[in-house]
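Look at the structure, then read on.

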Amino acid sequence: WNPDGELEFVGRADHQVKIRGFRIEPGEIENVLTEHPHITQAAVLAREDQPGRTRLVAYVVAPRTPRPEEIREFVRGRLPEHMVPSAVVPLDSLPLTANGKLDRAALPAPDAAPTASAREARTPQEQIVCDLFAQVLGLPRVGVDEDFFELGGHSLLATRLIARIRAAFSVEIGLRTLFEARTAGAVAARLDTAGPARLALTKQRLPDAVPLSFAQRRLWFLHKMEGPSATYNIPLTLSLSGELDRDALRAALDDVVARHESLRTVFPETDGTSCQHVLDDVTVELPATDITETQLAEALKAAARHSFDLASDIPLRAELLRLAPDRHVLVLVLHHIAGDGWSLGPLASDLTRAYTARVEGRVPEWAALPVQYADYTLWQNELLGDQDDPDSLFATQIEYWRGALAGLPDQLTLPTDRPRPAVMTYRGDYVTVDMDADL
């Protein structure tokens, strides 16, 4: 129901898609498209013609088809940017199934050829930037005057593009620059005034004592202040159905820990400071416990509450909960000093790959990682420099933030029903509140 009391049909709920974190109703975009004076029918589809790259494609039927740029501008004026189709495909008619419904499988992939610019590159810099645009966007080629974002680019691809420009030209351009200079020609024109590229992250020769990264220093300090606790645990649970080869699973855990140095790093302390110590040979224990369905929730909580001793324990713990001979739950608990929420994706993916190999009686085949976390730590310390050097990046960044945050309160004083405790207890909870539409 809209504010005027009219019922609007915006499409089927089962066609809802999620792109780059946004939930999108294609029917809402289709309604806007058909409001265009020259468009009689429209269909919008989320396509993944290249693995990992999902984009919105609009299919339009019009007696006189407007230019794709004009259609995109029309939608942009009525919907947020994440709902603007990356490509527009004109059709004589929408394909239908035998019972008269839209045949989504018959909608063609959009033409990958450049459309907005026929101008050839005039300089080697323009040609290289065009090639980098095409590589990142997964297109055969990109014209000098084509808009990166209109070709399907978004902020994540923009970050990847900036890294490739850095590697190709040894210059540093910011993300904002790409949003302002959206074509290969415009980016190439700014290369001469761009600053020098920051230090490259490469494989390093490790010293005897590897310092902690700044993120690790924070977590190590909190660990020392609070003592071993579950506050910074990141649990991952995997439900396993069917026959389970426990020996293969334990071997796969060893494979993953061998692949990622951060999973076999301990943090011994000397004279009040800590360093990273990567263990060479680590075997991951895989204790198994028989439980019932009613015990599962409590067993998961207990596993997630495991307390790590960062000085001696590797920051990964595994436990197998056995519900039935063909039903198990694998609990992996990762300490935040070794990873974050994003890390769970590669962790689960590598474990799956290693387990598949071990069940088949072979070792997992994967390329060696180009850098490990210790390499990143040394790179970060060298990039930021000494905080006592007023010209270092560290010192200039600290000075900026001290000024930006000056005068702000140390705490946000909220009206609560009891005073803030002197020591944090983590005994918080959730209160669910429903607000009606009028409120």
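Q: How many cavities of 30 Å³ or more does a search of the whole structure find?
A: One. The model is predicted: local features need pLDDT of at least 70, side-chain atom pairs count only at pLDDT 80 or more, and totals for chains, interfaces and linings use all residues. Residues are numbered from 1 along each chain as its sequence is written, and side-chain values use heavy atoms, without hydrogens or water.

Q: Why is a space called a cavity, and why a pocket?
A: The grid is 1 Å, over the protein atoms alone; a cavity is a set of points where a 1.4 Å probe fits but cannot get out, whereas a pocket is an open set with protein on both sides within 12 Å along at least five of seven lines.

Q: What is the volume of the largest cavity?
A: About 70 Å³. Volume here means the space filled by probe spheres set on the points, with grid points joined across faces, edges and corners.

Q: What makes a residue part of the lining of the largest cavity?
A: An atom within 4 Å of a point. Leu219, Leu222, His223, Glu226, Gly227, Ser229, Thr231, Tyr232 and His335 therefore count as lining.

Q: Which helix gives the largest share of that lining?
A: Helix 7, with four residues. A helix is a DSSP run of H or I, at least four residues, numbered from the N terminus.

Q: What is the volume of the largest pocket?
A: About 900 Å³. Of its 28 lining residues, the closest to the centre are Ala338, Asp340, Trp342, Ser343 and Tyr373. Helix 7 (214–226), helix 10 (344–359) and helix 11 (373–384) each supply at least two lining residues.
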